Amino acid sequence: LQQGNAMKKISLLIASIFVLFMSLLVSCQSDEQPTDEKITSANEEIPQLEPVSTIVDVGTRNAQPAVIKLTFWITEKFAAQSDLLNEQLADFERANRHLNVETVLKRNAGPAGILNFLLSAHSVAPGVLPDVVILSSDDLPKAWRNDLIQPLDGQIDSTIIEDLLPAARMLGTVDGQLAGVPFEMNVEHIIYNTNQISSSFVLWDDVLSQNIRYQFPAQGPNNTLSHTILGQYLSAGGTLMDEEGNVAINDVALKSVLTYYQSAIEHGIIDDTILDISTTEDLWDKYLAGSIDVIHTNTHKYLTDRRLLNDTKIAPIPSQKEKLVIIGQGWVLAIVTKDSIRQTEAIRLVQSLISAEANAAWSSRSAVIPTRKTAFELVAGDDPYWTFLREYLNSVTAPPNFVGYEQLSRILQQAVVQVIHQEATPDEAVQTALNALQ
């Protein structure tokens with residue numbers, strides 16, 4: 001009996017376990033979807049779920065374009081035009097909301113000048129370098145050859161380049177490449193007192209045949225030729241290189257210039273005080289006082305103060321022959337940054353500042369020659385002075401900037417000093433120069 005009861009209990013236990021197992025199996029099958037129910041029919045669109053946005057995703061979708069700050073180095077020379085420049089920069093920023101321009105004022109020249117700052121920062125602190133810089137056309141070659149600025153050929157809008165006055169294009173070119181975009185020019189010419197001089201003169205013989213007092217800048221920077229004397233040498237047929245591209249002196253042209261100076265001294269037209277004159281501004285007050293009959297001046301000074309002049313005419317600088325060579329000078333906009341993205345924006349800034357309207361406005365405010373043909377016509381009107389310049393600018397060229405010119409210029413200046421101080425004859429001074437070049 002007991003054995004029967006035991007077997008009955010075992011059977012009941014096995015049955016209970018079986019029932020529990022089946023219940024669990026059914027429960028698991030009810031939670032799992034059949035495989036064929038996961039396949040979506042070809043006619044049913046698969047729903048696309050929006051991903052949950054992270055903080056980074058939200059920031060990316062809602063972000064505004066990043067503002068790029070361009071650093072623009074200018075010089076103290078243009079402090080008087082700061083309001084016009086600020087206005088032009090404000091217009092530029094309104095048209096380019098993603099750009100902000102910060103101007104930094106530097107000195108024009110000298111140890112703390114803008115070029116020396118570029119040189120020193122390039123070596124020790126490149127992070128402070130500007131994106132765009134204003135440079136004198138005289139400083140442009142040094143900046144270019146020290147890899148401080150970037151080439152602009154193919155970067156500036158071709159319509160702007162084609163619209164540049166030929167003399168302006170030359171001012172911005174170094175070693176055959178466009179290194180800077182000129183935005184203003186200045187050239188020398190003469191003014192003379194019509195009470196003292198009855199007839200105009202264009203040749204050296206005209207000067208020597210009249211009893212006049214004539215002064216011009218004969219002192220160049222660092223004992224080099226002034227632009228005035230360089231122009232006189234080139235006008236006389238002077239050359240600076242031979243056919244092989246070597247530095248050279250044209251002895252015939254140099255002797256002509258030195259003989260002209262010697263004759264002018266003998267006639268009492270000039271004296272050795274011109275060797276102390278480095279700029280045309282040094283002569284202005286003397287002319288107004290009537291102590292000089294003829295002086296060299298420049299466009300900027302003439303346009304700024306011509307209201308003070310009485311009984312005065314303008315004329316080209318006298319030359320030995322009818323061929324005339326005038327050395328121009330100006331200021332250019334150059335690109336410093338090497339970053340391709342920043343270069344693109346910097347070029348956008350340069351092109352804005354050199355637009356025909358901006359160039360004309362700058363010329364009128366600064367009393368200088370604009371560099372674009374269209375801007376020149378906007379400024380010129382029917383003013384007789386601009387009519388004079390329109391033809392005169394055909395004789396303007398840029399200062400030589402080839403390697404070796406500075407040494408050659410010092411040699412030529414030494415010859416000029418010797419003759420004007422009457423320490424040597426023209427023949428002796430020429431021979432000394434030729435010997436120094438060998």
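Is D311 buried, partly exposed or exposed, going by its relative accessibility? I looked this up to open my notebook: D311 has 43% relative accessibility, so it counts as partly exposed. The cut-offs I use are under 20% relative accessible area for buried, over 50% for exposed and partly exposed in between, with a 1.4 Å probe and protein chains only.

**Ground rules**

I am working with a predicted model, where local features need pLDDT of at least 70, side-chain atom pairs count only at pLDDT 80 or more, and totals for chains, interfaces and linings use all residues. Residues are numbered from 1 along each chain as its sequence is written, and side-chain values use heavy atoms, with hydrogens and water left out.

**The whole chain**

I found 18 helices and 13 strands in the chain. Helices (H or I, at least four residues) and strands (E, at least two) are DSSP runs, numbered from the N terminus. Of the 438 residues in the chain, 46% are buried. I also looked at contacts, meaning heavy atoms within 4.5 Å. Among those between residues at least 6 apart in sequence, 76% join residues at least 24 apart.

**Two aspartates with positive phi**

Back to D311, which I found in the loop between α12 and β10. Its phi is near 50°, a positive value in a residue other than glycine. D175 also has a positive phi, of about 50°, and is not a glycine. I placed D175 in the loop between β4 (173-174) and β5 (177-178). With a relative accessible area of 48%, D175 is partly exposed.

**Helix α3**

Next I turned to α3, residues 82-95, which has 14 residues. From its first C-alpha to its last, α3 reaches 20 Å, close to the 20 Å expected at 1.5 Å a residue. The expected span is 1.5 Å times one less than the number of residues. Which residues of α3 are buried? I noted L84, L85, Q88, L89 and F92. Seen down the axis of α3, these fall within an arc of 130°, so they line one face of the helix. The arc is that of the directions from the helix axis to the C-beta atoms.

**Helix α11**

In α11 (residues 281-289), I found L283, W284 and Y287 buried. They span an arc of only 120° around the axis, which puts them on the same side of α11. D285 and A289 are exposed on the other side. Among the elements covering the buried residues of α11 are β7 (188-193), β9 (294-298) and α12 (299-305). Just after α11, G290 takes a positive phi of about 85°.

**Two helix pairs**

How do α9 (residues 227-235) and α10 (residues 251-266) cross? Their axes come within 8 Å and cross at roughly 120°. That makes α9 oblique to α10. Axes are lines fitted to C-alpha atoms, for helices over the stretch in contact, and angles run from 0 to 180 degrees between N-to-C directions. Angles under 35 degrees count as roughly parallel, over 145 as roughly antiparallel, 65 to 115 as roughly perpendicular and the rest as oblique. At this meeting, I229, Q232 and Y233 in α9 contact A253, L254, V257, Y260 and Y261 in α10.

I checked what covers the buried residues of α17, and the list includes α9, α10 and α18. After α17 comes Q422, whose phi is positive, near 60°.

**A buried proline**

My last entry is P370, in the loop between α14 and α15 (373-380). At 0% relative accessibility, P370 counts as buried. What does P370 touch, leaving out residues up to four places away in sequence? I listed L165, M185, N359, S363, A375, F376, V379 and W386. P370 and I354 are 16 residues apart in sequence, and their C-alpha atoms are 9.5 Å apart in space.
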